[in-house]
Amino acid sequence: MELEKVTEDARSSSRRRYDDACGTAHGLELIGERWALLVLRELMLGPKRFGDIRADLPGISANVLTQRLEGLEAAGLLVRRKLPPPSGAQVYELTEWGYEAEPIIQELGRWAARSPAHDPTLPISAVSVMLSFRTMLDQGRAEGLDAKIGFRMGDESFLAHLADGRIEIKRSDLEDADLVFTTTPVMLAAAVYSGQPLEEFEKSGALKIEGDRALAERFVTLFPLPPKVGA
């Protein structure tokens, strides 16, 4: 049985290698396994616990998530550490090199959004929506804006700062926000990307807006999607 396991491990390792000097090939060896890039995505806004990562990737099993975390750690893309007392929980956090993968996630997402087969009604995580804002912001439409927008989604809260045609987003309390959206990740994505009036989401109870109403109306227009292929 031990010999069979060693042989299978060798075959698995062989399947992950392309024997190709191209940087793209090596990149796929690093993050091309199923779920690996999405695990990186979930850590782009800071460290998370194992259970939180798994909750935001509902299709992944605990065993596969463990394998991907171990692989990304071995590759130097993330580290494990313990939070200080009183929590003491173990979290996973990207290394500086790991954070450099964000443009890859952004450009892949922008490119794939053009696919006619893309289904925006599927589940989506809070981090994924936040990263989509950093990806899709139209600098021209955001020109002249200097505002702080908060997002409250379940136990998570994020604060975005729009200024100079750029958007910075971090996990934060929302005391300094000019505007706060309270909703779910799916409903927030729908409110921004569907083109439907905000009033429709409010009437259904799916979205709550606190603060600058005019800013809310403008904010949801700042992230135009690229045209679909063949459109």
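User: Let's start with a loop: where is the place of P86?

Analyst: P86 sits in the loop between strand 1 (78-82) and strand 2 (90-94). Strands here are DSSP runs of E with at least two residues, helices are runs of H or I with at least four, and both are numbered from the N terminus. The peptide bond from P85 to P86 is cis, with omega near 10°. Two ground rules: this is a predicted model, in which local features need pLDDT of at least 70 and side-chain atom pairs count only at pLDDT 80 or more, while totals for chains, interfaces and linings use all residues. Residues are numbered from 1 along each chain as its sequence is written, and side-chain values use heavy atoms, with hydrogens and water left out.

User: Good. How many helices and strands does the secondary structure come to?

Analyst: The protein has 11 helices and seven strands. Its C-alpha trace spans about 65 × 55 × 35 Å along the principal axes.

User: Now burial. How many of the 231 residues count as buried?

Analyst: Buried means under 20% relative accessible area, exposed means over 50%, and partly exposed is in between (1.4 Å probe, protein chains only). By that rule, 39% of the 231 residues are buried. In helix 2 (residues 23-31), the buried ones are A25, E29 and I31. The buried residues of helix 2 pack against helix 3 and helix 5 (62-74), where contact means heavy atoms within 4.5 Å.

User: Why is strand 3 largely enclosed by the rest of the structure?

Analyst: Because five of the seven residues of strand 3 (residues 147-153) are buried.

User: Which strands does strand 3 pair with?

Analyst: Two strands count as paired if DSSP finds at least two bridges between them. Strand 3 pairs with strand 4 in the antiparallel sense over seven bridges, and F151 stands opposite F158. With strand 6 (residues 179-182), strand 3 pairs in the parallel sense over four bridges, and G150 faces V180 there. Strand 4 (residues 156-163) also runs antiparallel to strand 5 (residues 166-171), joined by six bridges. In that pair, A160 stands opposite I169.

User: What about side chains along a strand, where do they point?

Analyst: In a regular strand they alternate between the two faces of the sheet.

User: Which residues take a positive phi in the hairpins?

Analyst: G154 does so, near 65°, in the hairpin of strand 3 and strand 4, which has two residues between the strands. In the hairpin of strand 4 and strand 5, also with two residues between the strands, D164 has a positive phi near 55°.

User: Last one: how much space lies in the largest pocket?

Analyst: The general idea is that rolling a probe the size of a water molecule over the atoms shows where empty space is left. On a 1 Å grid over the protein atoms alone, with a 1.4 Å probe, a pocket is an open set of points with protein on both sides within 12 Å along at least five of seven lines, and lining residues have an atom within 4 Å of a point. Here the largest pocket holds about 1400 Å³, a volume being the space filled by probe spheres set on points joined across faces, edges and corners. Its lining has 43 residues, with R41, G109, H118, I124 and S128 nearest the centre.
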